Amino acid sequence: MTRTLKLTGQVLALAAVGGLLGLLVWRLTHQSHPPKIGGPAPNFSLRRIDGAGKLDLASLRGKPVVLNFWASWCVPCKGEAKLLEQAWRQYKGSGVVFVGVDYHDVKSDARTFLTHHGITYPIVQDGSGMIGDRYGLTGVPETYFIDRRGRLVGTHIVGTITNQVAAFHDGIRAALHQ
Amino acid sequence: MIARVLAVAAAALALAGPAAACAHPKTSLAYLEGQIMCPTCHTTLDQSEAPAAQQIKAQIAKRIGQCWTAQQIESELVGNFGQGILAAPPHKGFDLLAWWLPIGGVVLGALALAAGVWRWSRTREPDQPEPESVTDPETERKLDELLARLD
């Protein structure tokens, strides 16, 4: 009887240790790594906040995409909003699609932001920040460029584009021509 | 006349919004600040001055002013930011495990400790018997004589 109890205890203890080790291994192997330039842009399917339904990044395959992460509470995002809208109007004739990803934000505030700044390109909501994490976001705003084949191209812009205008346009051109 | 009445009614309706601020709030900002996380800095709202935290605090204050309950406000924030916005997992469904597993672990540990102590106390070596006298009867007799002389 005592022997059985002892054996059960040992098996349980081993199972617990094994379970914890398994969790550790799972965590280590499932850590997200920031995507590399030239590699595939992490896909997402997120709810739109400028309209109904969802937007799937994969559905834009075949078109160059400018992906801008922003939030209504982010002060530099206010500064670049007008420039982004202008660029969207300038490039949409060439087939470039701008997509705004509203990161860790209150939806109603985001909508107020869009109205206030007259944003007309598609905006999706990343409330939990999961997509931002997949992209290895270090803050907002950040802007990525995706070519027609769904690969990240150019140099992704950390911070506002207002003082990196040349890099911003270079990124769009890279997305257009690759 | 009708136009005037309508204008007054419209003005009253327009003013009704701010005037209808909650007279009997169902929860407090101080309470919810400890229950909700700042999504960008991963601390509770009461420990953060980050812009995202400020924005959520303003949203909570607005909802409290509209007489929302803490649960309603939390539900709205979960819908917006996901479960990670809550500082503690909910007391239902699978999330209950997060509450019961540590308690279960402590109880199991205590039981294992008690069982170990009980087992140890049962299997301990019995007390050593008093050692038998190592002296032979003759020596004992002599010792007794000596002691008697000393008395």
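## Elements and overall form of chain A

Chain A of this predicted model has five helices and seven strands. Read from the N terminus, its elements follow the order α-β-β-β-α-β-α-β-α-β-β-α.

Along the principal axes, the C-alpha atoms of chain A fill a box of roughly 80 × 35 × 30 Å. The radius of gyration of chain A is 22 Å, whereas a compact globule of 178 residues would have one near 16 Å. Of the 178 residues in chain A, 37% count as buried. Contacts in chain A between residues at least 6 apart in sequence include 69% that join residues at least 24 apart.

## A hairpin in chain A

Strand β6 of chain A covers residues 142-146, and strand β7 of chain A covers residues 152-158. The two strands run antiparallel and are joined by four bridges. Within this pairing, A:Thr143 of chain A stands opposite A:Ile157 in β7(A).

The hairpin of β6(A) and β7(A) has five residues between the strands, and A:Gly150 in this hairpin takes a positive phi near 80°. Strand β7(A) is mostly covered, with five of its seven residues buried.

## A buried alanine in chain A

Helix α2 of chain A, residues 75-91, contains A:Ala87. Is A:Ala87 buried or exposed? A:Ala87 counts as buried because it has 21 C-beta neighbours inside 10 Å, and the cut-off for a buried residue is 20 or more.

A:Phe98 lies eleven residues from A:Ala87 in sequence. In space, the distance between A:Ala87 and A:Phe98 is 8.9 Å, C-alpha to C-alpha.

## Where chains A and B touch

The contact between the chains takes eleven residues from chain A and 13 residues from chain B. On the side of chain B that touches chain A, the elements giving two or more residues are α3 (51-65) and α4 (70-81) of chain B. The largest share of that side, six residues, comes from α3(B). By class, the side of chain B that touches chain A has seven polar residues, six nonpolar residues and no charged residues.

## Helix α4 of chain B

Helix α4(B) has twelve residues, which at 1.5 Å a residue should span 16 Å. The end C-alpha atoms of α4(B) are 16 Å apart, so the span agrees with that expectation.

Which residues of α4(B) are buried? They are B:Ile73, B:Leu77, B:Asn80 and B:Phe81. These four residues lie on the same side of α4(B), because they cover an arc of only 75° around the axis. On the other side of α4(B), the residues B:Gln71, B:Ser75 and B:Gly79 are exposed.

The buried residues of α4(B) pack against elements of both chains: α3 (107-117) of chain A, and α2 (29-35) and α3 of chain B. Just after α4(B) comes B:Gly82, which takes a positive phi of about 90°.

## Helix α5 of chain B

Helix α5 of chain B runs over residues 96-123. At 1.5 Å a residue, its 28 residues should span 40 Å, and the end C-alpha atoms are 40 Å apart, so the two values agree.

How many of the 28 residues of α5(B) are buried? The count is zero, and α5(B) is hardly covered. In α4(B), by contrast, the buried residues include B:Leu77 and B:Phe81.

Conventions:
Residues are numbered from 1 along each chain as its sequence is written. Chains are lettered from A and ligands numbered from 1 in the order in which they are written. This is a predicted model: local features need pLDDT of at least 70, side-chain atom pairs count only at pLDDT 80 or more; totals for chains, interfaces and linings use all residues. Two residues are in contact if their C-beta atoms, placed from the backbone, lie within 7 Å. Ala, Val, Leu, Ile, Met, Phe, Trp, Tyr, Cys and Pro count as nonpolar, Asp, Glu, Lys and Arg as charged, and the others, Gly among them, as polar. A residue is buried if 20 or more other C-beta atoms lie within 10 Å of its own, exposed if 12 or fewer, and partly exposed in between; C-beta atoms are placed from the backbone. Two strands pair if DSSP finds at least two bridges between them. The radius of gyration is taken over C-alpha atoms; the globule rule is 2.2 Å times the number of residues to the power 0.38. The expected span of a helix is 1.5 Å times one less than its number of residues. The arc is that of the directions from the helix axis to the C-beta atoms.
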